[in-house]
Amino acid sequence: MFNREDIKNTLRVGIHQVVFTKKDGTERKMYCTLSESIIPEEHRPKEGNNQRTNDAVLAVFDVEKQGWRSFTIADVKSVQ
């Protein structure tokens, strides 16, 4: 089982592959990041953005699709 903070800390340093099970039961491999230097400026979170967070879900920047996606922490199989 993966810890939300550990995944966030890993994704803050470069691009990593996260493998997880989607809601429809299929497996998804996503290359993603939370590193601001990699995320295009127009997609970076705004300063002072006080959105509510669901601790069971993590929003990340998908570098292949060039957009924000999310996954459920409990459904993560690996982070490389």
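Val 19 has Lys 29 of β2 as its bridge partner. The model discussed here is predicted. β1 and β2 run antiparallel and are joined by six bridges. Strands of a sheet pair through backbone hydrogen bonds, in either a parallel or an antiparallel manner.

The sheet is open and consists of five strands. Their order is β4-β3-β2-β1-β5, and the pairing is antiparallel. β4 (67-72) and β5 (76-79) stand at the edges. Each has a single partner strand, so one side of each lacks a neighbour in the sheet. On average, neighbouring strands are turned by 35° against each other, direction ignored. Helix α1 (residues 4-11) lies across β1, β2, β3 (57-62), β4 and β5. The helix runs at about 15° to β3.

His 16 belongs to strand β1 (residues 16-21). Its relative accessibility is 17%. The cut-off for burial is under 20%, so His 16 counts as buried. Two backbone oxygens are reached by the side chain of His 16. One is that of Thr 10, at 3.0 Å. The other is that of Val 13, at 2.8 Å. Leaving aside residues up to four places away in sequence, His 16 touches Thr 10, Leu 11, Met 30, Tyr 31, Cys 32, Val 79 and Gln 80. Val 79 lies 63 residues from His 16 along the chain, yet their C-alpha atoms are separated by 6.7 Å.

Thr 33 is placed in strand β2 (residues 27-33). Thr 33 has a relative accessible area of 0% and is therefore buried. A polar atom of the Thr 33 side chain lies 3.1 Å from the backbone oxygen of Leu 11. The side chain also reaches the backbone nitrogen of Ser 35, at 2.9 Å. With residues up to four places away in sequence not counted, the contacts of Thr 33 are Leu 11, Gly 14, Ile 15, Ile 38, Ile 39, Val 60, Phe 61 and Val 63.

The backbone oxygen of Leu 11 is the atom that lies 3.1 Å from the Thr 33 side chain.

Definitions and conventions: Residues numbered from 1 in each chain as written. Predicted model: local features only at pLDDT ≥ 70, side-chain atom pairs only at ≥ 80, totals over all residues. Heavy atoms only, no water. Helix = DSSP H or I, 4+ residues; strand = E, 2+ residues; numbered from the N terminus. Buried < 20%, exposed > 50% of the residue type's maximum accessible area, 1.4 Å probe, protein only. Polar contact = N/O pair within 3.5 Å; in protein donor to acceptor, adjacent residues only side chain to side chain. Contact = heavy atoms within 4.5 Å. Pairing = 2+ DSSP bridges. Axes fitted to C-alpha atoms, helices over the stretch in contact; angles between N-to-C directions.
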